[in-house]
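Hi,

Here is the structure I promised to pass on.

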Amino acid sequence: MANALTRFFATGADLPVTADQATIDRLFRRHRFRVMLAITLGYGVIYTCRLALGVVKKPLIDEGIFTPVELGMIGSALYYAYAVGKLTNGFLADHANMRRFLAFAFLMTALCNLAMGLTTAVWTAVIIWGLNGWFQSFGAPGGVVAMTAWFSNRERGRAYGIWSTAHSLGEGLTFIGVGSVVAWLGWRWGFFVPALFGVFAAVGMYWLVRDRPRTMGLPTVNEWKQDFYAEKARPDIKSVLGLQLSILRIPAIWVLCLSAATIYVTRYAINSWGILYLQEDRGLSLPMAGTVLMISTMAGVAGAIAYGFISDKFFDARRPPANLLFAILEIGGLLLFFYGPNTMPVLIAGMVLFGLGLTGLVTSLGGLFAVDIAPKRVAGAAMGVIGIFSYIGAGIQEYVSGKLIQEGMTVAGDVRSYDFGPVIWFWIGASVLSMLLAATLWRTKLRD
């Protein structure tokens, strides 16, 4: 069985390049568009299968199905499984055919969401949501491996920025689309609808994505683009596994791991608990709370694209100056959102700044910076190493946030009141720490 699965997922053998240049150009243009379309829209759609829990937290609490601490446990299960899975599946992705790899994972995460809508037992939910995290962990390394196979070194910042808009697309679709369905049909549909989205995403992946160019009788994308920057041979390392393990000897990777872990605390705090905060502290309805958070995701689309463009064009592909700029925007947005006047224009302004800054940082700290300083052939492994720390941070956040929120919750009859003060400072402090850690890499350069 294991050998059969390995053969099913394995990348194809390299084929000789026999096509003329015009055919090669045409095939590259066609498949690059299809791959980017698939990994961006498909990953965005499948994101709803990860964020569904955040939309249904208030109805689950109000109906007495789960407490905030139990919801924190369930949410943590996804992030911890995602952390481990992103590492192991990142290493696997470097050897896999992305067409099958991603289609399979997206179908399985859809089935996990379907199962979540049918259970109210806490430990069953923990197991199912943990499995969901495992299958979700195929997505990011798979997307990066597909992208680095079809886009050259000097295109990487812009291509990565476009792909990173998937996070914002998925968040917006969850907060508005799924949130509206939950307000209308109840919490179970907060899982059923993402399950349906996941099935469509799986079909789209299998239809649009292709294996590496060499398996199709094409040259590598760097050969096609005549772009050999940062692509030197490593005669001291003979195997792909050895090259993957060499990542662990790069000191900057470890600092990036910690910086990514802390920014992911804030990222998933807002995704997981932001709707509850807006409902309970600011008095917004579920659809309106989803709309406010969607504004950050819309700004995030611009932030991801802007980060790639600014860091490539204005800082010559140096990420640290852009990291500092976007960190200031993100922290400023949080302060305005939580401590500004309770008016809609202020909430919107805070979410715009937060979305611009955060998505730029996630683009860099969550993968691009690591891919820059690691060998290109093992981009999936680089994403995996960063990913395990990022989602350990997200998992710790989920439990700590649930604990702090429950400790600040008081119940008088049927009325619940919340003190979000301590948890807000936990979230903002994580962002500040991430900024300081990233700043220590100011002199880090692209691998050459």
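A crossing is left-handed if the near helix is turned anticlockwise from the far one by less than a right angle, and right-handed if clockwise. Helices (H or I, at least four residues) are DSSP runs, numbered from the N terminus. In that sense, helix 2 passes helix 10 in a left-handed crossing.

Before the details: this is a predicted model, where local features need pLDDT of at least 70, side-chain atom pairs count only at pLDDT 80 or more, and totals for chains, interfaces and linings use all residues. Residues are numbered from 1 along each chain as its sequence is written, and side-chain values use heavy atoms, leaving out hydrogens and water.

The axes (lines fitted to C-alpha atoms over the stretch in contact, with angles from 0 to 180 degrees between N-to-C directions) of helix 2 (residues 21–46) and helix 10 (residues 189–208) come within 9 Å and cross at roughly 165°. Contact means heavy atoms within 4.5 Å; on helix 2 the residues include Arg34, Gly42 and Tyr43, and they meet residues of helix 10 including Phe197, Gly198 and Trp207. This contact divides into 11 nonpolar, two polar and one charged (Ala, Val, Leu, Ile, Met, Phe, Trp, Tyr, Cys and Pro are nonpolar, Asp, Glu, Lys and Arg charged, the others, Gly among them, polar).

The axes of helix 13 (residues 251–280) and helix 15 (residues 319–339) come within 13 Å, crossing at roughly 20°, so the two helices are roughly parallel.

Best wishes

Terms used
Angles under 35 degrees count as roughly parallel, over 145 as roughly antiparallel, 65 to 115 as roughly perpendicular and the rest as oblique.
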